[in-house]
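Let's take a friendly walk through this protein, one region at a time. Have the sequence and the 3D view ready, and follow along as each part comes up.

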Amino acid sequence: MQISDLIIIDKEEVKLEELQLELSDRKSLLGLLRERSHLDQLHRYGLPATSKLLLHGSSGCGKTATAKAIAAALGKKLMILNLSNVISARIGETAQHLKLVFDQASREKCVLLLEEFDQIAKLRSIEDSDVGEMRRLVNSLIQLMDYFDDRALLICATNHIAFIDPAILRRFQLKIGYRLPMPLVLDDYYEKLLSAYPEQFRSIGRRYGISFAEARDHVLYRVKALIIEQIENDLICEQKNN
Ligand SMILES: Nc1ncnc2c1ncn2[C@@H]1O[C@H](COP(=O)(O)OP(=O)(O)O)[C@@H](O)[C@H]1O
Ligand SMILES: [Mg+2]
């Protein structure tokens with residue numbers, strides 16, 4: 001298995017303004033993008049750009065979508081690597097694979113998204129690996145992060161921040177948390193999604209206490225059902241009239 005087989009190059013054009021984000025988080029992300037348009041000037045003062053971002057929290061609340069939006073806003077390629085596909089009992093090999101991916105991202109100055117980043121902690125549960133070896137892998141990851149070219153951007157995403165080593169957490173210059181949306185925020189999201197359909201298909205029973213991804217699935221499911229219901233009713237009327 002080649003490491004390149006595990007990397008996904010994503011080209012979906014997500015727009016940051018289309019995502020529901022907390023105002024302070026949106027500001028932080030816009031700040032990160034703004035820095036990137038003045039990199040040379042910042043470097044002249046010896047100042048590195050923010051290049052390590054951690055997105056953590058509930059599933060379906062926009063971590064992957066945020067990474068896509070950032071890459072699109074920067075006009076950079078997005079490389080996605082799911083850590084659960086790379087981590088193996090052969091820790092030395094895992095470290096080598098990670099190095100290859102980091103090197104490629106640095107070289108191409110692209111956005112590297114490591115999904116399921118907490119998998120790095122899973123190593124603790126691999127029984128036949130010794131503690132020293134695991135420590136070495138964490139150290140090599142820290143080293144890769146420290147030497148990562150700041151013209152590239154590393155984004156790590158996890159649903160389980162508590163599993164991540166504090167020494168690694170410290171390396172992220174920006175951390176953004178994602179939570180299940182409050183009802184008012186979801187209502188806003190429902191309005192946006194439903195505005196794409198004619199009025200008569202918009203009265204769906206709304207669900208709350210769920211993620212954006214689940215709300216979206218719910219909308220699509222209900223709207224489709226309403227459309228089909230109408231088509232079938234129209235057919236019945238037609239048949240009656242004939
Ligand atoms: N904050 C959000 N604002 C708007 N849409 C969202 C948001 N979060 C999730 N979605 C919708 O749900 C889909 C899946 O979300 P995703 O970013 O993959 O979640 P995560 O990576 O946190 O599990 C997105 O492609 C988008 O359609
Ligand atoms: Mg995701």
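## The nonpolar core

The largest nonpolar core of this predicted model has 44 residues, and those touching the most other members are Leu-55, Ala-67, Val-111, Leu-112, Leu-113 and Ile-155. Here, a nonpolar core is a set of buried Ala, Val, Leu, Ile, Met, Phe, Trp, Tyr and Cys residues joined through C-beta atoms within 7 Å. A residue is buried if 20 or more other C-beta atoms lie within 10 Å of its own, exposed if 12 or fewer, and partly exposed in between, with C-beta atoms placed from the backbone.

Leaving aside neighbours within four places in sequence, its contacts are Ala-67, Ile-70, Ala-71, Leu-74, Lys-76, Lys-77, Leu-78, Leu-153 and Ile-155. Two residues are in contact if their C-beta atoms, placed from the backbone, lie within 7 Å.

## How to read the model

Residues are numbered from 1 along each chain as its sequence is written, while chains are lettered from A and ligands numbered from 1 in the order in which they are written. Because the model is predicted, local features need pLDDT of at least 70 and side-chain atom pairs count only at pLDDT 80 or more, whereas totals for chains, interfaces and linings use all residues.

## The whole protein

The protein has 10 helices and six strands. These are DSSP runs numbered from the N terminus: helices are H or I with at least four residues, strands are E with at least two. The C-alpha trace spans about 80 × 50 × 30 Å along its principal axes, and 24% of the 242 residues count as buried.

Why is β4 described as largely enclosed by the rest of the structure? Five of the five residues in this strand (residues 111-115) are buried, so the structure around β4 largely encloses it. Val-111, Leu-113 and Glu-115 cover one side, with Leu-112 and Leu-114 on the other.

β4 runs parallel to β3 (residues 78-82), joined by five bridges, and Asn-82 has Glu-115 as its bridge partner. β4 also runs parallel to β5 (residues 153-158), through four bridges, with Leu-114 opposite Cys-156. Two strands pair if DSSP finds at least two bridges between them.

The loops on either side of β4 hold two residues to look at. Lys-109, between α5 (91-108) and β4, has a positive phi near 50°. Glu-116, between β4 and α6 (119-122), also has a positive phi, of about 50°. Most residues other than glycine have a negative phi. Lys-109 counts as partly exposed because it has 14 C-beta neighbours inside 10 Å, and Glu-116 counts as partly exposed with 19.

Is α3 mostly covered or mostly open? Nine of its 12 residues are buried, so "mostly covered" is the answer. The helix reaches 17 Å from its first C-alpha to its last, close to the 16 Å expected at 1.5 Å a residue; the expected span is 1.5 Å times one less than the number of residues. Just after α3, Gly-75 takes a positive phi of about 65°.

Ligand 1 has 15 residues around it, and Gly-62, Lys-63, Thr-64, Ala-65 and Ala-213 come nearest. The elements giving two or more residues to this shell are α3 (63-74) and α10 (212-241). A residue is near a molecule if its C-beta atom, placed from the backbone, lies within 6 Å of it.
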